[in-house]
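Hello,

Here is the structure I promised to pass on to you. Have a look at it first, and then read my notes on its salt bridges below.

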Amino acid sequence: MPEAYEGEVMWGQSRASLITYVERVTFDRPEGWDQMPDQEKRQWYEKWRESEAGRAFEAEQRRRHRDRQHFGFAIQHDGTFRIEDVPPGQYDLRVSLWKPTTDNRPHFNEPIGQYHQTLTVDPGDTPLELGLLEMSLPTPKPTAAASSQP
């Protein structure tokens, strides 16, 4: 857990997944993109995605994500986990922990910790030992007034 968090942890109220890694694809942005107001960026993007290049980009995105494998898993009360029968390949491991709700119902409240790692699962039956995973505090999302990106 992040050192700054001193409260109770309910591992059962976590979200944990192992998902096939997909390299992020970007599109060519117009000159001056970083200085454009958000509204202008959105307008440019909406028009661009109707172009041949935009349609090709979105088709490639769909192709890359279509065959992703997703392994959801439970984290035990002691913070350990095990994921069975994962084929060889590169994966993104993500864990999010949430502050316990007052009624202990399984819904998400305030985030208290997160972890992300890209890892490789090699062929064979040898377990992949990850050791101690150090979680970090979630990065606050910018408010609409403070946001400068679309």
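**Salt bridges and their surroundings**

Glu84 is partly exposed, with a relative accessibility of 47%; here buried stands for under 20% relative accessible area, exposed for over 50%, and partly exposed for what lies in between (1.4 Å probe, protein chains only). Its salt-bridge partner is Arg82, with N and O 2.5 Å apart, and Arg82 is exposed at 58%.

Before going on, please note that this is a predicted model, in which local features need pLDDT of at least 70, side-chain atom pairs count only at pLDDT 80 or more, and totals for chains, interfaces and linings use all residues. Residues are numbered from 1 along each chain as its sequence is written, and side-chain values use heavy atoms, leaving out hydrogens and water.

A salt bridge here is a side-chain nitrogen of Lys or Arg within 4 Å of a carboxyl oxygen of Asp or Glu. Counted this way, there are five salt bridges.

Glu60 is partly exposed at 26%, as are Arg63 at 44% and Arg64 at 28%.

Finally, salt bridges link Glu46, Arg49 and Glu58 in a network.

Best wishes
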